[in-house]
There are 2 protein chains.
Amino acid sequence: MERLDQQMRFVIEIDKLKGVLRQTVLAGPGRRENSAEHSWHLAMMAVTLAEHAPPGTDVGRVTAMVLLHDLVEIDAGDLFAYADQARQLRQEEAERAAADRIFALLPDGQGGELRGLWDEFEERRTPEARFARGLDRLQPMLANLTAGGGTWTEHGITADQVLAKVALIEDGSAELGAFARELISDSVSRGFLAS
Amino acid sequence: MERLDQQMRFVIEIDKLKGVLRQTVLAGPGRRENSAEHSWHLAMMAVTLAEHAPPGTDVGRVTAMVLLHDLVEIDAGDLFAYADQARQLRQEEAERAAADRIFALLPDGQGGELRGLWDEFEERRTPEARFARGLDRLQPMLANLTAGGGTWTEHGITADQVLAKVALIEDGSAELGAFARELISDSVSRGFLAS
């Protein structure tokens, strides 16, 4: 039962992701989103929007990738997407150290396999990783639209700053990129986002 | 773009699952768990514990199933696992009506496909559904162990009542069933659960 015990320690450890708060504000519950429910939402987006990934994309792999992509925040916390570069570099270092610790809770081979999925997401070289990263960018935009501005209003973000993030969505899926452009232009005309 | 628009309406609608509170108390954040983060935890358990499913189980299918199994709670709310039978019957009816509404937001074929996964989970006839249902039973036990009693203490649940739920876990995975029995006996000896 040693493998199973190690796996269960990992399953219990990752419960902490439910306590990591993101910037995103949820329209319904009226509170900040945590990284566990964010990861669930991305996984449901992977299932729902699978047909908009490039042909041949392994959507099961995308789903696993988005489920675990934020586990490192248990140690490193969440960083706002519009933070400056110095902060982003410090964050990357903290996240690598967190990945070393958290995936090592698992049995050897399995820890390496899941760590590999996390590295793949970070490196953004495969179609699966690019689609997953696109979903990760798109989801907060949907949340801000639903909340009537959300973090855009709170932090005085402009349409140009949001548009600069669309390349990452387009890189994962042309259709989702086009959808994001429409969403931004719609948000500007409804006054949710400064032009 | 009509299919994509329908899919995005579904993706926005399901955000509401983050506001559905369960009985389970989270040890870390010190609050009740919501159904979105519960679903994320089950999906991570499916990924992590895949090797304990019977040979030939399609774990990708299990993952999709647990991700969407609680969507009906957006309309029907969550029911405590130890509620009486009359309440459970009313809940089943409310959940079917919710499934009719929520999956119909999706394009026709896709709505039917995801509804099919939900029905499969409920009917518990395939190895995938049985493994998924087992995870759904096991996760609150892990939470109660971590919280030092949790809902067991709060509702005066006894070891016999918890043991009666183990058959459902064993039905999905012999190893996870054995693990659950040990967890219960450990919880009794630590005073987290009344014998």
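A cavity is here a set of points, on a 1 Å grid over the protein atoms alone, where a 1.4 Å probe fits but cannot get out, and residues count as lining if they have an atom within 4 Å of a point. Grid points are joined across faces, edges and corners, and a volume is the space filled by probe spheres set on the points.

The model is predicted, so that local features need pLDDT of at least 70 and side-chain atom pairs count only at pLDDT 80 or more, while totals for chains, interfaces and linings use all residues; side-chain values use heavy atoms, with hydrogens and water left out. Residues are numbered from 1 along each chain as its sequence is written, and chains are lettered from A in the order in which they are written. For pLDDT, the predictor's confidence in each residue from 0 to 100, chain A averages 95, with 99% of the residues scoring at least 70. The model scores ipTM 0.96 and pTM 0.96.

Two cavities of 30 Å³ or more are found in the structure. The table sets out their volumes and the classes of their lining residues, where Ala, Val, Leu, Ile, Met, Phe, Trp, Tyr, Cys and Pro count as nonpolar, Asp, Glu, Lys and Arg as charged, and the others, Gly among them, as polar.

| Cavity | Volume | Lining by class |
|---|---|---|
| Largest cavity | about 90 Å³ | seven nonpolar, three polar and two charged residues |
| Second largest cavity | about 70 Å³ | six nonpolar, three polar and one charged residue |

The lining of the largest cavity includes A:Val11, A:Ile12, A:Asp15 and A:Lys18 from chain A, and B:His41, B:Gln139 and B:Thr146 from chain B. The elements that give two or more residues to this lining are α1 (2–13) of chain A and α7 (127–146) of chain B, and α7(B) gives the most, with four residues. Helices (H or I, at least four residues) and strands (E, at least two) are DSSP runs, numbered from the N terminus. Around the second largest cavity, the lining includes A:Val25, A:His41, A:Gln139, B:Ile12 and B:Asp15, and helix α7 (residues 127–146) of chain A gives the most, with four residues.

Strands are paired if DSSP finds at least two bridges between them. In chain A, β1 (residues 21–25) and β2 (residues 32–34) run antiparallel and are joined by two bridges, with A:Val25 opposite A:Arg32; six residues lie between the strands of this hairpin, where A:Gly30 takes a positive phi near 65 degrees. In chain B, two bridges join the antiparallel strands β1 (residues 21–25) and β2 (residues 32–34), and B:Leu21 stands opposite B:Asn34.

A charge sits over a ring if NZ of Lys or CZ of Arg is within 6 Å of the ring centre and within 35 degrees of the ring normal. The charged end of B:Arg133 sits over the ring of B:Phe121, 5.2 Å from its centre, and B:Lys165 lies over the face of B:Tyr82, at 4.8 Å from the ring centre.

Technical notes: 1 Å grid on protein atoms, 1.4 Å probe; cavity = no way out; pocket = protein on both sides within 12 Å on 5 of 7 lines; lining within 4 Å.
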